[in-house]
Amino acid sequence: MAAAGLARPKQFLECQGVPLYWHSARTFSRCARVAGIIFVFPEDCLAEEKIRIQRLDGLTDAPRPDSSDLSRSLGVPWEVVGGGSLRQDSVFNALQVLPVDCEYVLIHDAARPFLNAALVARLIDALEQGATGVVPGQPVTDTIKQAQNGRILATLERENLYAIQTPQAFSLDILRAAHARARAENWTATDDAGLLERLGQEIRIIPGEAANRKLTHPEDLNFLYRPQRLACSGYGYDVHRYGSGRPMKLGGVPIPGAPELIAHSDGDVLLHALMDAILACACRGDIGRLFPDSDPRLENINSAILLDEVLRIAATAGVELVQADCTIIAQIPRIAPHSQTIRRNLSRLLCLDEDYVNVKATTEEGLGFTGAREGIKAVALVSALRGNP
Ligand code: MG
């Protein structure tokens with residue numbers, strides 16, 4: 001099994017610190033049935049790209065890009081080959097260097113860096129089930145018209161039309177024979193499947209993938225450079241002692257008749273736990289460091305104001321909140337009558353839909369300081385997406 005990446009100028013663009021063609025190569029290398037990769041480059045940059053791949057593959061001492069999975073070695077043999085003037089010539093050159101025991105070949109255009117390993121597996125499955133040529137295709141959703149000189153000639157039957165992607169997968173013998181025949185008879189096709197079609201070979205079509213798009217237009221680069229975001233979570237915990245001081249507020253909601261709290265700020269234990277959880281998502285320490293209780297300006301400050309500042313810090317760090325789960329732990333007061341109001345207020349303060357905010361409460365069965373009615377505690381778990389600021 002071998003796969004060839006056809007390199008044209010945009011394929012040399014870098015995405016996440018590595019060239020586009022490396023994204024495809026990494027995907028192929030994750031498929032156990034892919035035994036090797038042939039990269040095809042224009043002759044004038046062949047030597048340079050070979051050195052670049054050696055570096056990316058960890059074969060030199062040069063530092064490698066540290067962008068996660070992309071900086072790992074391919075783990076399969078690879079070779080570079082000089083391309084020809086036409087795509088067809090480039091593929092022909094690559095076919096010449098495949099090992100003798102190679103049975104199947106996948107031809108991929110490196111301008112499609114977002115292919116999925118599952119698609120590669122489905123193509124190989126089809127070959128193993130007896131197909132001689134398999135291509136991924138997406139049903140055409142636009143209306144397609146035939147036109148000439150600015151005038152429409154006909155509307156094509158959309159239900160029979162497919163936009164064909166790569167990789168295209170073939171039995172190597174048959175593809176070699178088709179290329180040899182095309183060279184001998186001096187004809188060309190726009191893709192490898194086209195060569196086989198002309199010889200009357202049956203080509204199977206399997207569903208392609210929307211994400212496996214080809215970078216063709218300048219606006220495609222926006223898709224390419226969309227920052228990667230990773231799921232993260234943060235945990236927060238806070239305690240306040242009961243005692244005369246601040247009237248109780250939980251999640252910004254006053255709790256009438258509840259014990260008062262000793263605090264430098266307004267003593268909103270729930271917002272404090274929540275702020276620590278949000279700061280944890282951004283790895284920015286905790287509110288104790290950010291808002292020290294030695295700061296006279298923070299005396300009796302509304303914690304919702306502090307939360308605003310925490311949300312601003314999180315946003316600056318590229319954190320987008322997804323969900324918050326909060327637990328209030330107290331023997332008194334009873335939280336249940338207030339939990340819906342608290343939830344609604346939190347969703348407003350956090351700019352999250354109510355379906356993504358959970359508020360619950362528990363006692364500690366009379367145990368510990370909450371059981372002794374000496375204080376209240378709260379924990380919060382916040383889920384978020386973290387990307388580039
Ligand atoms: Mg506190």
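Predicted model: local features only at pLDDT ≥ 70, side-chain atom pairs only at ≥ 80, totals over all residues.
Local features were considered at pLDDT of at least 70 and side-chain atom pairs only at pLDDT 80 or more, whereas totals for chains, interfaces and linings use all residues. Residues are numbered from 1 along each chain as its sequence is written, and side-chain values use heavy atoms, with hydrogens and water left out.

The magnesium ion has as its protein donors Asp238 (OD), His240 (NE2) and His272 (ND1), at 2.1 to 2.3 Å; donors are N, O and S atoms within 2.8 Å of the metal (3.2 Å for Na, K and Ca), and sites may look incomplete because water is not among the atoms. The spacing of these donor residues in sequence is D-x1-H-x31-H. Asp238 belongs to strand E13 (residues 230-246) and His272 to helix H8 (residues 269-281), so the pair ties together parts that are 34 residues apart in sequence. Helices (H or I, at least four residues) and strands (E, at least two) are DSSP runs, numbered from the N terminus. Asp238 and His272 are both buried, where buried means under 20% relative accessible area, exposed over 50%, and partly exposed in between (1.4 Å probe, protein chains only).

Strand E13 also takes part in an open sheet of four strands with mixed pairing, in the order E13-E18-E16-E17; two strands pair if DSSP finds at least two bridges between them. Because E13 and strand E17 (357-362) stand at the edges with a single partner strand each, one side of each is left without a neighbour in the sheet. Strands E13 and E18 (residues 375-386) run antiparallel and are joined by twelve bridges, and within E18 the residue opposite His240 is Ile376.

Ile376 is also among the contacts of Thr370, which include Ile329, Glu364 and Lys377 when neighbours within four places in sequence are left aside; contact means heavy atoms within 4.5 Å. Thr370 is placed in helix H12 (residues 368-371) and is buried, with a relative accessible area of 0%.

The whole structure contains 16 salt bridges, each defined as a side-chain nitrogen of Lys or Arg within 4 Å of a carboxyl oxygen of Asp or Glu. One of them joins the side chains of Arg246 and Glu299 (3.0 Å, N to O), linking strand E13 to the loop between helix H9 (287-290) and helix H10 (303-316) across 53 residues. Arg246 is buried at 13% relative accessibility, whereas Glu299 is partly exposed at 47%. In another salt bridge, the closest N and O atoms of Arg297 and Asp295 are 2.9 Å apart.
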